[in-house]
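Subject: Structure for you to look over

Dear colleague,

I am passing on the structure we spoke about, with the sequence and the coordinates together below. Please keep them open beside you as you read the notes that follow.

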Amino acid sequence: MSAQTPDVAIRLDQLTKQYPGGARPAVDSLDLTIPKGELVALVGPSGCGKTTTLKMINRLVEPTGGTVWIDGTDARTLPAHELRRGIGYVIQQAGLFPHRTVAANIGTVPALLGWKKDRIAARVDELAELLDLDPTLLRRYPAALSGGQQQRVGVARALAADPPILLMDEPYSAVDPIVRARLQDELLSIQRRLQKTIVLVTHDIDEAIKLANRIAILNVGGILEQVGTPEEMLRAPANDFVADFLGDDRGIKRLSLITVDDVPLREGPVVEATDSPDHARAVMSENGVDWVGVRADGRLLGWVGEADLNGDPTVGDVEAKPFLATFRPGMSLKAALDGIVTSQTRVAVVVEDDDRYRGMLTVDDLAEGITASGPGEA
Amino acid sequence: MLFATEPLVRWKWVGDHLDEIWQDLIEHIQLTAIAVGIGFAISLVLAIVSIRYRWTYGPIGAFCAVLYAIPSLALFALLIPIVGLGVVPAEIALVGYTLLILLRNMVAGFDGVPPEVREAADGMGYEGWRRGLRVDLPLALPAIIAGLRIATVTTVGLVTVAALVGTGGLGALINDGLDRGDFPTPVVVGSVLSIALAIVLDVMFVLIERFATPWRRRQRPDTVINPDEPVGAAAAADVAGGELAGAGAGVASGG
Amino acid sequence: MWDYLGTDAAWHGENGLPALLWAHLKLSFASLLIAALIALPPAIVLGHIKKGALLAISVVNIGRAIPSFAIIVLLLPFSLKWGFGLGFWPTLVALVLLAIPPIFTNTYTGVRDVPPDAVEAAQGMGMQATGLMRKVELPVALPLILTGLRVSAVQIIATATLGAKVGYRCLGTPIVAGISRADKGPLLAAAILVAALALLTDGVFAQTQKVMVPWRASRTRPHDNPEAEGTS
């Protein structure tokens with residue numbers, strides 16, 4: 001296989017790491033391709049060698065066999081420290097230098113590369129904006145920052161010299177779930193802007209599904225069990241190990257990858273506010289439910305149950321109850337499912353950003369949505 | 001003995017002998033500086049060896065500890081038949097006494113650098129020596145300075161005793177006074193000055209440490225003994241100082 | 001020196017090595033005992049109620065900075081004025097003063113740094129202050145308390161030799177006298193003896209620590225974990 005494909009950022013070629021005295025290699029002849037501009041997640045149980053593999057890319061761990069090709073070149077041709085100055089590196093505890101200000105931390109690699117002071121300063125400001133860091137933090141020392149802020153600084157620092165590749169080793173494991181979710185969203189947004197090649201090690205399969213373009217699942221000893229898009233893997237796990245690792249809620253996990261925009265919506269039992277109660281009752285029996293949605297000027301006011309219709313002239317005279325599960329474009333089917341099972345009406349309602357009614361979804365619609373994107377394994 | 005009836009300080013005598021007193025003070029400082037200076041250089045080498053080859057730290061440390069435990073007067077005395085009287089045996093012993101403190105603190109300082117900071121530095125492209133200089137050293141500095149502080153203050157006390165084997169310094173002032181036995185003034189002046197010198201140097205090092213480590217300003221190491229922070233290396237050295245330097249001020253200066 | 005050791009004077013009489021050694025030991029032991037009696041109770045109490053960190057640090061800083069020779073000689077005029085005479089008393093007071101800081105600070109830190117979980121667990125089992133102190137805090141603090149005593153003991157033995165300069169007849173006497181003499185015999189013998197005594201004391205305390213505190217691998221560092229372990 002040629003290593004010269006322009007779209008391949010990193011290629012791991014029979015990569016092996018055998019520690020002296022170890023019974024088996026920590027990583028055994030791993031072949032893996034990481035395309036340019038993609039975020040590839042390395043996931044697996046402890047001992048699968050995912051961190052070791054990551055560290056062999058920037059040679060913090062030297063391989064005992066095989067080659068790491070970076071943009072077509074053997075990673076060993078450069079002195080290790082020069083190689084690393086061209087690769088961003090983010091670790092779990094951030095590892096910020098306590099004795100330097102935040103700004104100096106961020107500017108570390110540019111300084112190592114010999115950039116001029118004003119260029120570094122400008123770049124630091126740029127990154128502070130990108131990473132949503134309050135500029136007043138720049139002159140402070142890391143000890144004054146919260147965990148989440150420190151992680152952001154860590155990412156800013158990694159991106160400072162604008163490396164094409166970013167290596168991340170469990171970057172969000174040490175922060176609490178709320179902060180973690182925010183940081184993950186920020187990473188996605190940064191990636192949309194910058195299109196870096198990112199290799200992310202995590203033990204959290206949900207994080208991998210959320211963030212990665214491609215997931216590589218490793219088994220103990222660095223054995224690659226499967227690599228593919230999250231959607232592919234959830235739909236068709238290659239073997240029992242992968243299926244177990246993905247969890248027994250694969251179907252629901254797949255729902256988190258599909259949005260309400262991707263599935264056909266049904267009109268559902270909806271009447272205009274000006275309609276009569278009799279019309280409403282007819283619609284109810286047509287659809288086999290005991291409620292109707294009420295619409296006025298294209299917007300949904302809510303729903304009324306059969307028991308609420310008491311001889312008012314129009315449906316609009318009855319006080320409508322709001323739909324519990326209301327969703328905007330871009331929200332996931334998983335969220336829609338959660339809404340459906342917790343609501344009285346058992347539907348998720350989809351509206352536009354300006355609240356105009358688009359349609360609704362039932363549980364059956366969701367199931368249709370999943371199977372429509374490809375048959376899953378039983 | 002006339003000591004009993006004389007006033008503690010005969011100020012006229014002080015006035016008359018200001019030059020001599022000043023001379024003794026200068027000598028005292030010089031002797032201290034030489035000992036700490038040479039001790040620092042040797043300890044640095046020992047520390048580098050101990051860090052690079054961990055297995056040597058035990059034996060080296062043990063040797064320094066034994067040296068440290070020997071009462072200073074005894075050590076001075078034992079060196080006399082070998083190198084004679086005067087500055088040489090004194091400095092040899094004085095240097096020996098600084099080793100334990102400086103070595104321990106240098107190694108503790110280095111060990112106190114958080115491993116993730118080292119990993120991040122390597123990962124970003126710092127090559128070995130540069131990382132040592134720009135990352136490990138600054139972070140080890142609080143502990144190293146604390147070590148210098150303890151060593152210096154301890155040495156001041158020891159130099160006082162060294163006068164008994166023929167060096168100059170404030171100890172000579174004390175000693176002459178004792179030997180003369182007719183009035184306490186030189187004894188008092190010498191003692192008070194040596195105490196003052198030690199305190200001044202102690203404070204000076206505290207200020208140096210504050211100045212050299214601006215990133216620690218938000219903490220006050222004097223009131224916080226937190227063993228989980230690398231800062232604690234210095235604060236720990238303060239308390240460990242109770243272990244080491246308590247031994248120092250006494251053993252060594254006691255001698 | 002060997003000639004000296006062969007003489008009668010070396011072994012008998014008030015200037016003989018045994019007599020000097022005994023005087024040295026008497027003084028050292030008394031000083032250590034008094035210093036411990038003075039320093040231990042407040043240190044334990046303060047450590048228990050977790051107050052007084054500033055005091056502990058200051059005490060050790062000051063104690064460190066005071067040259068012990070200076071203290072001994074400074075006390076001499078006062079001792080004479082108040083009729084306590086030469087030799088024993090000024091030296092004793094000086095030794096006690098110098099021994100207090102290590103005992104105090106190490107004991108304070110040892111008691112204070114008993115893991116709070118252990119204390120809470122004991123309280124949960126129904127222990128109260130005195131029982132708690134006896135059964136939990138003191139045993140756990142023992143390594144550091146012993147360290148403080150050890151440091152002070154070695155320091156006392158060393159400093160006691162200086163007592164010779166103010167008239168106390170101990171192992172320091174032949175040393176001080178011998179500096180300006182041609183016959184270095186007594187000087188060497190006494191110096192070796194006091195050095196051996198100091199090292200022996202250090203070793204005995206170290207062994208005691210190992211025996212009484214078998215669960216700690218004879219570490220005397222007050223803090224086992226100076227490194228931060230990251231936020232994970």
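Two residues are in contact here if their C-beta atoms, placed from the backbone, lie within 7 Å.

Residues are numbered from 1 along each chain as its sequence is written, and chains are lettered from A and ligands numbered from 1 in the order in which they are written.

Chain A

Chain A has 14 helices and 16 strands, where helices (H or I, at least four residues) and strands (E, at least two) are DSSP runs numbered from the N terminus. Its C-alpha atoms fill a box of roughly 85 × 50 × 35 Å along the principal axes. Of its 378 residues, 43% count as buried, a residue being buried if 20 or more other C-beta atoms lie within 10 Å of its own, exposed if 12 or fewer, and partly exposed in between, with C-beta atoms placed from the backbone.

The domain assignment, which is automatic or from a database, divides chain A into domain 1 (8-255) and domain 2 (270-372). The C-alpha centres of these two domains of chain A lie 44 Å apart, and their contact takes four residues from domain 1 and six residues from domain 2.

A:Leu30 counts as buried because it has 25 C-beta neighbours inside 10 Å. Leaving aside neighbours within four places in sequence, A:Leu30 is in contact with A:Leu12, A:Leu15, A:Thr53, A:Gly222 and A:Leu224.

Chain B

Chain B has 10 helices and zero strands, and buried residues make up 56% of its 255 residues. Helix α2 (residues 18-52) of chain B packs against helix α8 (residues 170-180) of chain B at an angle of about 130 degrees, with their axes 7 Å apart; axes are lines fitted to C-alpha atoms, for helices over the stretch in contact, and angles run from 0 to 180 degrees between N-to-C directions. The pair α2(B) and α8(B) is therefore oblique, since angles under 35 degrees count as roughly parallel, over 145 as roughly antiparallel, 65 to 115 as roughly perpendicular and the rest as oblique. The contact is made by B:Ile21, B:Asp24, B:Leu25 and B:His28 of α2(B) with B:Leu170, B:Ala172 and B:Leu173 of α8(B).

Some caution is needed over confidence, given as pLDDT, the predictor's own score for each residue from 0 to 100. Chain B averages a pLDDT of 79, and 82% of the residues score at least 70. Among its elements, helix α10 (residues 232-254) of chain B has the lowest mean pLDDT (35) and helix α6 (residues 115-124) of chain B the highest (93). Over residues 219-255 of chain B the pLDDT is below 50. Where pLDDT is low, the predicted coordinates should not be read in detail.

Between the chains

The contact between the chains takes 19 residues from chain A and 15 residues from chain B. On the side of chain A, the largest share, four residues, comes from α2(A).

With best wishes

Conventions:
This is a predicted model: local features need pLDDT of at least 70, side-chain atom pairs count only at pLDDT 80 or more; totals for chains, interfaces and linings use all residues.
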